[in-house]
Amino acid sequence: MINLLHEYYQKYDLLKQGGGLDKLEKQKEKGKMTAWERVEYLLDSDRPAIEIGSFAADGQYEEHGGCPNAAVLVVMGYVKNRLCIVVSNDASVKAGAWFPMTCKKNLRAQEIAIENHIPIIYLVDSAGVFLPLQDEIFPDKEHFGRIFRNNAHISSLGIPQLAAIMGSCVAGGAYLPIMSDYALIVEGTGSVFLAGSYLVKSSIGEQIDNESLGGATVHSEISGVTDNKYPNDPTCLDAIKNIVDKFAENPKIQYSKIAALEPEYPISQLYQYLPEDRLKPYNMLEVLKSIVDRDSLEEYKKDYGKTIICALARIDGWAVGIVANQREVVKAKKPGNTTEMQMGGVIYSDSADKAARFIMNCNQQKIPLVFFQDITGFMVGSRAEQGGIIKDGAKLVNAMANSIVPKFTFIIGNSYGAGNYAMCGKAFDPRFIYAWPTAQIAVMSGASAGKTLVQIQEATLKSKNINLSLEDKNKLLQEIEETYKKQLSPYYAASRLWVDGVIDPIETRKIISMGIEAATHQQHLAKYNVGVIQT
């Protein structure tokens, strides 16, 4: 774990360099703050914050020079004691141009604002769509246009949107700040127009510079497109703080919260406890003792369905329902005074049944759910199939998918196949989903995939009277396992926003606590209804 965390912090420090130290210096030479400096200046320094989408686009677009952090910083934090989402374009990366992952990350920020009914602040400094990849960002439903659809939808929901134009704001991107409730602009560096001076000249022959075309004076004094102009970044950000400070508080959902207690074990205990070998068993309850408030954990059906731990607990004072994969090999009692050995990290019929019932209880009692994944999947084989593993698994998925309480997911080890789904993977709308550096995410392990694909290839060739040699089998197996090893990495998942980021486990409590606090701003909870359920 220490080695993995060292790698994590090295990679994270590089993110703060954006497009490079020389590019950051050029920003400052223009009198501009960097994307990170703007966010840090805006947020309350004495309150916690969490980053969303760290490592987005990591390792992607290398043929175009890369796109660190998807050229945009997204943070949830406090502005004048008001919880907000802040989106800050990083102009040191390709002038803040929008790559496909930039769009996906912005949409994720808007999704969080909508789900939790909290204000969203855009710090705009972008050259617009990255033209070489326009076909991957422009026309589809979840592409660039969805941003502006969301602007309109967020406004209709009464969620405040504020925008500061602190650099370029071009073409379709010009609608983002202007569709916000407040649109501020910085003199000398901020500009907003549908077409820049070069395109204007080539289109209609008009000779004009960008400042005269769409600068702060034009839009604050002539067109009325922006509300006010400010001499520099800090004064513009101060104005945002001053506006947010006046927002009224809406009624909140009252999830149970009491004074917080520190966990029984320090987080350093967890670093030492998790085994390096992903196949080695360990007791998940020991991991939870480094996360939940001391003496708050109350297990549900602890002697039944033991490969999933279900427990009520408190985290930073908030009441939560925990669903976690037990990684120890357990002994399950069966009819006829018999016992069955069950593998840790695998969902059996009894554990699926227990987890489904527990999730329904938590929804009835308005208790947020937290999932800790270290799962290889559902039990397979004739005995499991005859026992109805599919219908029991379907019951679990149904109960979880229809949950109305906020859900949070942490992938701390394996996250394979249908196990990812049943334990509230990204497809099932967790409010936040993060991976620890120990996570591995794929449809199955590299070893299992390799053996399966080699068997398929061998059977296909055999039908054509071609036999694979042992050397060919080993070569094919090695190629598959190497591909899977890369794709199993939590950074591969974070790059594609399958998770909201890779984190040091010490951040887990803070994310859950801030996540539940954000969820209290949601206007109302729907009625819990699982529909038709397998029995």
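So, is Ala71 buried or exposed? Ala71 is buried, because its relative accessible area is 0%. Buried here means under 20% relative accessible area, exposed is over 50%, and partly exposed is in between, with a 1.4 Å probe and protein chains only.

Quick housekeeping: this is a predicted model, where local features need pLDDT of at least 70, side-chain atom pairs count only at pLDDT 80 or more, and totals for chains, interfaces and linings use all residues. Residues are numbered from 1 along each chain as its sequence is written, and side-chain values use heavy atoms, with hydrogens and water left out.

Back to the loop. Ala71 sits between E1 and E2, and so does Ala70, in the loop between strand E1 (50-51) and strand E2 (72-79). Strands are DSSP runs of E, at least two residues, and helices are runs of H or I, at least four, numbered from the N terminus. Ala70 is also buried, at 0% relative accessibility. Now the backbone: Ala70 has a positive phi of about 60°, and phi of Ala71 is near 60°. Most residues other than glycine have a negative phi.

Next, Arg38, in helix H3 (residues 35-42). Arg38 counts as buried because its relative accessible area is 1%. Its contacts (heavy atoms within 4.5 Å), leaving aside residues up to four places away in sequence, include Asp125, Asp233 and Met166.

Last one: Lys23, in helix H2 (residues 21-29). Lys23 is partly exposed, because its relative accessibility is 36%.
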